[in-house]
Amino acid sequence: MPSKINSSGQKVWQVRDRNGQLLNWALWMGAAIIFYISWMKISDQTTWFFVYDAPRIAADIGGRALPPKWEYITKLGKPIWDTLNIATLGTMFALIMAVPIAFMAAQNTTPSKLFARPLALLIIVSTRSVNSLIWALLLVSIVGPGVFAGLIAISIRSIGFCAKLLYEAIEEIDETQVEAIRATGGSGWQVMVYGIVPQILPAFAGIAVFRWDINIRESTVLGLVGAGGIGLQLQSSLNILAWPQVSLILAVILVAVVIGEFVSAKVRGAII
Amino acid sequence: MSGSVDIGVKLSSRLGKPWRKPPFINSAPLRWTLLIGTVVYLILAFSSFEVNWSRVYAGLERGWRFIVAFSQPDFTSRSSDIIEGMTESVIMTVTSTVVGIAISIPIALGAASNIAPMPIYLACRFIISISRALNEIIVAILFVAIFGFGPLAGFLTLSFATIGFLAKLLAEDIEDMNKVQAEAVKSTGASWLQWVNFGVQPQIMPRLIGLSIYRLDINFRESAVLGLVGAGGIGATLNTAFDRYEFGTVAAILIIIIVVVMALEYLSGIIRARVK
């Protein structure tokens, strides 16, 4: 056990021995240096005058933004409906596409480990690593601005997420049940429907609701790049510096997000 | 014995009928309400959709050019912009993750109901829910308006978002910890700080490391879009490339992002396996 002898000759317990301690210090030192260099880079690119002035600016914006312009809410009905649709339909399309990809990616159900599995994993990684706003940016330049671009962006972004969680659920299923169905002479599809699907259905429903919740948050900002929903109103209000409208929109978004989280928590609680 | 009689009655009335799959939702009224509600919603949703198909058709050619661009990404013609944006993204990621973790640890301790007194618990939970409810992009817009353009706004945004994520999950882990170990440390007469350091911290360390690396990964992904609203990072370069229809550069940037995220994920897998 590592210990050291203190000035009065007693042995004192220590967490690490000398080499461990040195290594620990070296790692912390390295991390501190990296952090310091990074921070200096940020600091160099910052106009510190603006930062010192920030409390005044924040108070100024706050003063302009409050109270919210309540009568503007009549114009937000359609945008929030669009936002909800983007999130819901986007999740639905994503799930439709994620299911076959998940079955291709799971080690115990994949049709071929050499070809199908790497392809499915590539789809999962590439759709997952790119943010939905970037997908929206791309789709706005392809299919034009509007709700449709947002819908596809949300679907593509969600495929990887849903497929990843789903294939992990498929890999964790109880093989004996699958074996039992196969032993009764079930065909491949019957094994799938009666052996595998019932086992992953709760996970599937949980993933769907979880992703729906996330998609509500994400679809509120898609409008910033022109992909429909309430973000369009936010962008145009910001452009004309209509702070009372901005604060109202932010409040509406907050309410939508909280309701989404509440619903998803309830549904997940009921499933699990 | 009434149970077995029940089963017998049920069995005899069911004899001769083929087996049917039990439904996913047991209560029939709930099942039908959900089903009809879904159909009505879908009809309403699709009828309110406006798709300009001629515009979509016209865009398909551009979409095809984008897919082709992926086979020959253009790393060179805007390399200085890409390198600059990428370093900025990485710097923002590193600093904001470090600061975010440093702030979330005390907040997580405060938000664990088995450690913190009630007023502190409520205050910390309030901070967490504010941070979680606000989307990163919206926070970034506000910070850009307040602090001006540049990576500082992005750094603050990501730090703020890290707090909500990390503190919440860490607090849950602290609430699940083994009381016996913490009690043992306390019974040796340890001060509060020693108690946290030797009784609580070793128990949550694996989770803290795993979550931190996961958050590093998320922060990098998010830092790629903050540039769209002027908060620094590769997003600004990406946006410009899109606006100019320079799909080769776009493909190059996206490939770099995907590769970095994959590398981070691989790394986090290794580290988490070692920590466990």
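What covers the buried residues of α10(B)? The cover includes α6 (132-143) of chain A together with α4, α9 and α11 of chain B. Here a residue is buried if 20 or more other C-beta atoms lie within 10 Å of its own, exposed if 12 or fewer, and partly exposed in between, with C-beta atoms placed from the backbone. Helices (H or I, at least four residues) and strands (E, at least two) are DSSP runs, numbered from the N terminus.

This is a predicted model, in which local features need pLDDT of at least 70 and side-chain atom pairs count only at pLDDT 80 or more, while totals for chains, interfaces and linings use all residues. Residues are numbered from 1 along each chain as its sequence is written, and chains are lettered from A and ligands numbered from 1 in the order in which they are written. The predictor's confidence in each residue is its pLDDT, from 0 to 100. For chain B the mean pLDDT comes out at 83, with 95% of its residues at 70 or more. Where pLDDT is low, the predicted coordinates should not be read in detail. For the complex, the predictor gives an ipTM of 0.78 and a pTM of 0.80.

Next comes the meeting of the two chains. Two residues are in contact if their C-beta atoms, placed from the backbone, lie within 7 Å. By that rule, 45 residues of chain B are in contact with 46 residues of chain A. On the side of chain B that touches chain A, at least two residues each come from α3 (53-71), α4 (79-110), α6 (136-147), α7, α9 (192-226), α10 (234-243) and α11 (247-275) of chain B. Sorted by class, this side of chain B has 31 nonpolar, nine polar and five charged residues. In that sorting, Ala, Val, Leu, Ile, Met, Phe, Trp, Tyr, Cys and Pro count as nonpolar, Asp, Glu, Lys and Arg as charged, and the others, Gly among them, as polar.

The buried ones include B:I234, B:G235, B:L238 and B:F242. Just after α10(B), B:Y245 takes a positive phi of about 55 degrees. As for α6(B), twelve of its twelve residues are buried. The end C-alpha atoms of α6(B) are 16 Å apart, which agrees with the 16 Å that its twelve residues should span at 1.5 Å a residue; the expected span is 1.5 Å times one less than the number of residues. B:I146 sits in helix α6 of chain B and counts as buried because it has 21 C-beta neighbours inside 10 Å. Leaving aside neighbours within four places in sequence, B:I146 is in contact with A:A54, A:I57, A:A58 and A:I61. Just after α6(B), B:G148 has a positive phi of about 90 degrees. Then there is α7(B), with 25 residues and a reach of 36 Å from first C-alpha to last, close to the expected 36 Å. Since 21 of the 25 residues of α7(B) are buried, this helix is largely enclosed too.

B:T87, in helix α4 of chain B, counts as partly exposed because it has 15 C-beta neighbours inside 10 Å. Over in chain A, A:L241 lies in the loop between α10 (230-239) and α11 (243-271). A:L241 has a positive phi of about 55 degrees although it is not a glycine, and its 11 C-beta neighbours inside 10 Å make it exposed.

Back inside, a nonpolar core is a set of buried Ala, Val, Leu, Ile, Met, Phe, Trp, Tyr and Cys residues joined through C-beta atoms within 7 Å. The largest such core has 129 residues, of which A:A136 and A:L139 touch the most other members. Helix α7 (residues 147-171) of chain A supplies the largest share of this core, 14 residues. Not counting residues up to four places away in sequence, A:A136 touches A:A149, A:G150, A:A153, A:L222, A:V225 and A:A227.
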